Protein chains: 2
Amino acid sequence: MRLVVIGAVAAGLSAAARARRLDRQLDILVLEKGDAISYGACGLPYLVQNKVRHFSDLVVYSASYFQKERNIEVRTGAEVQEIEHGRRRLRLCSGEFIAYGKLIIATGARQDTGGIAGVDQPHVFSMNSPAAAVRLKQHLLGTKPGRAAVVGGGYIGLEAVEALRSYGWHVTLLHDGANLLHRDEPELTRRLLTHLDRFRVDTRLGCRVRTIHEKHIDGIACDLVVLATGLRPNVELAANAGIELGRTGAIRVSDHMETSFGGIYAAGDCAEAMHLVAGRPMWIPLGTTANKMGRVAGACAAGARERFAGIAGTSIVRVCGLAVALTGLSLPQAKAEGLRAVSAWVKTQDRAAYFQGRATEVELVADQSTGRLLGATVIGEHGVEGRINVVAAALQTRMRLDDFLQLDLAYAPPFAPVWDPLLIAAQQLQKQF
Amino acid sequence: MRLVVIGAVAAGLSAAARARRLDRQLDILVLEKGDAISYGACGLPYLVQNKVRHFSDLVVYSASYFQKERNIEVRTGAEVQEIEHGRRRLRLCSGEFIAYGKLIIATGARQDTGGIAGVDQPHVFSMNSPAAAVRLKQHLLGTKPGRAAVVGGGYIGLEAVEALRSYGWHVTLLHDGANLLHRDEPELTRRLLTHLDRFRVDTRLGCRVRTIHEKHIDGIACDLVVLATGLRPNVELAANAGIELGRTGAIRVSDHMETSFGGIYAAGDCAEAMHLVAGRPMWIPLGTTANKMGRVAGACAAGARERFAGIAGTSIVRVCGLAVALTGLSLPQAKAEGLRAVSAWVKTQDRAAYFQGRATEVELVADQSTGRLLGATVIGEHGVEGRINVVAAALQTRMRLDDFLQLDLAYAPPFAPVWDPLLIAAQQLQKQF
């Protein structure tokens, strides 16, 4: 039987590799419309920042590696035009037909510029593809710093701000929503604004960009624009074939990553995932999730019965040296889900004071009715990823605040204070119960 | 009613502070036999290393702070000679009697030199009290580096090795057991030996020291000796009063931290704690545990019904720049508990390779019969505390490996690889199921 995978980045190649591991006989073909495969897309902002020198440093495996070591054929420049599921075949843009037994759709997501006029001008850049990132990097390396505008205050926008500041550009950040990082959490936004202000970043919230002019946006002078306007799932191939989409607009999948068509799976940024706290599918495109979904899709396409448990919505971003991490639901998000949510923020030290402890902030959100933890925010310079991950693990097991308070976390002066910031936040939150 | 607390370091003062918070009327008296209170004992090795300049930097609160801000009387130099529970009073060494309504024993632990001869010589030091640590530090600051021996390969011994190496001393580490860190885990010991060897530390395992001579120990030349021979709980006061000890030799307590005598509680290094994985009481004296136990003892002594869930046995130590963290049971420990345990070690990178990822090692242990996670070891330079804490959280909820594999951990290139080392280890371990 032949398994065909559409897309050769995180989800697609995870799926293909996993399927091969479980079934040595399977004929596996991966189709990629672009010319780059198996690269760490999350590294593109750091390629721009020149923390990563060459795009090739982001590439994990080559097509010839997959052919030789995994017996997986990867074809680049192979764009699928139509899925003809009735005849179990794909039609490529080239006119070629490719038959499949099982199909995995890993078509990813693309930047959604939301109808902004003027995005095709030479001074408008993005970081959403290898070519785009390389183009921006070359421009930054070869140009005297001036005034830049970043459009969009999600994590890619904030990574763009960090990159531009590192080259010495003056940056204005334009964001259409009221809150940064696509997190309905005014307290987080307030803290981010304070931090950005230290880097002289001029942040404008509620600023919907309609037109990019040659020298300005809405009167704000800029010589260079980086678009980071958010993503939209690439679902057209699936939708045109009649595959069901979810309410989020991404492809609806079972916990085996199967679509509404038996034998067709979807994984990665084109698909929804069950949110473990909200208890309903959400679309939060991230590289980790894509890899995990791909792994399950590949296993199931190869005949195993694995399942993807879902996501806690965990993410982390570095913004001008500050780490900001989220998991679960924010307080306003939890309330919007109809939960009786309460939260506590604490500002404390990430290590013993006598061991160069630096300020860190932790917010925990819990359900006052059940005591269940619902989410967290962690901000700081050290140990942020570890602390958010502890909460992510707690969310996955539906841990109650009572039990969270009892966590036996590691302590020695070089690593943490004797009362970990997570436990201090939990103690504060407990006072509201 | 009067609450008397014996001991004014971690457990004792946590207990007193918590009791005050819950009951503003309570008469609270804390008795400390020494003259230092409320200090971070875990910081003493870093005082010796001169990472912490002055002992006063380790002191959190003064007795006058407790008196003024918390209305808690703390008396230093007040050593209790006997608990006369029948008459609800203590007899101090001074001859004074002190009446109590409720009593909390937080007498801590002391170094157990195990009958080694010659420990009172001027070239023999330890780090187990403020005075001892200051004496060693002054000696190191004022002496040309020579040959030192550290007796005992637990975490304090390894911290002593780091301190001595930082002053340029040649170090021989003598340990009576087969495995370092009091962890029955030969693989961990092997890795530690490799690391210590890089720092030219001559480690001798299975070496029981009987006599410390002026210029050598068992023929091993040394000008200076640091004793780190392990601890023994200070239970004599309790035992002489008839309070029951557990099989570990420490004071047996309920999950409300109550001893076998109603109204007398025990907390901290003198008491046992329920091990969440082994399911039986163990004695693992650590500052975090002492603080948590003290908090519960204080709450219960003040009339609340809080409980201490127990410990996962989580600890972390820095050894010559390397972080080594443990939680739960090692593979041999789990087998000794009668479990069908299996484990997997992985060596991988702590961040994306293109983001200066460094080697990190993770071992996960699980029960093949139930799939339940049992323990972990994490070794590395970055993110070690965060990763062990995720496993500690998983152990507390009796998480199965299946669920652990699904954890939605944070990822961005500055913080972690897209497949976290924990998940890679979990995938490896799953192959044994």
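These legends describe views of a predicted model, starting with chain A as a whole and moving to a set of strands in chain B.

**View 1. Overall dimensions and secondary structure of chain A.** Chain A contains 12 helices and 24 strands. Its radius of gyration is 23 Å, close to the 22 Å that the globule rule gives for 433 residues, so chain A is as compact as a globular protein of that length. The C-alpha trace of chain A spans about 65 × 55 × 40 Å along its principal axes.

**View 2. Burial and contacts in chain A.** Of the 433 residues in chain A, 55% are buried. Among contacts in chain A with a separation of 6 or more, 66% are between residues 24 or more positions apart.

View 3. Strand β4 of chain B covers residues 80–84, and strand β5 of chain B covers residues 89–92. The two pair in the antiparallel sense over 4 bridges. B:E84 has B:R89 in β5(B) as its bridge partner. The hairpin leaves 4 residues between the strands. In this turn, B:R88 has a positive phi of about 50°.

View 4. Strand β6 of chain B, residues 97–99, runs antiparallel to β5(B) and is joined to it by 3 bridges. B:A99 in β6(B) stands opposite B:R89, the residue that is also the bridge partner of B:E84. Here too there are 4 residues between the strands of the hairpin. B:G95, in the turn, has a positive phi of about 100°.

Terms used: Residues numbered from 1 in each chain as written. Chains lettered and ligands numbered in written order. Predicted model: local features only at pLDDT ≥ 70, side-chain atom pairs only at ≥ 80, totals over all residues. Rg over C-alpha atoms; globule rule 2.2 N^0.38 Å. Buried ≥ 20, exposed ≤ 12 C-beta atoms within 10 Å, placed from the backbone. Contact = placed C-beta atoms within 7 Å. Pairing = 2+ DSSP bridges.
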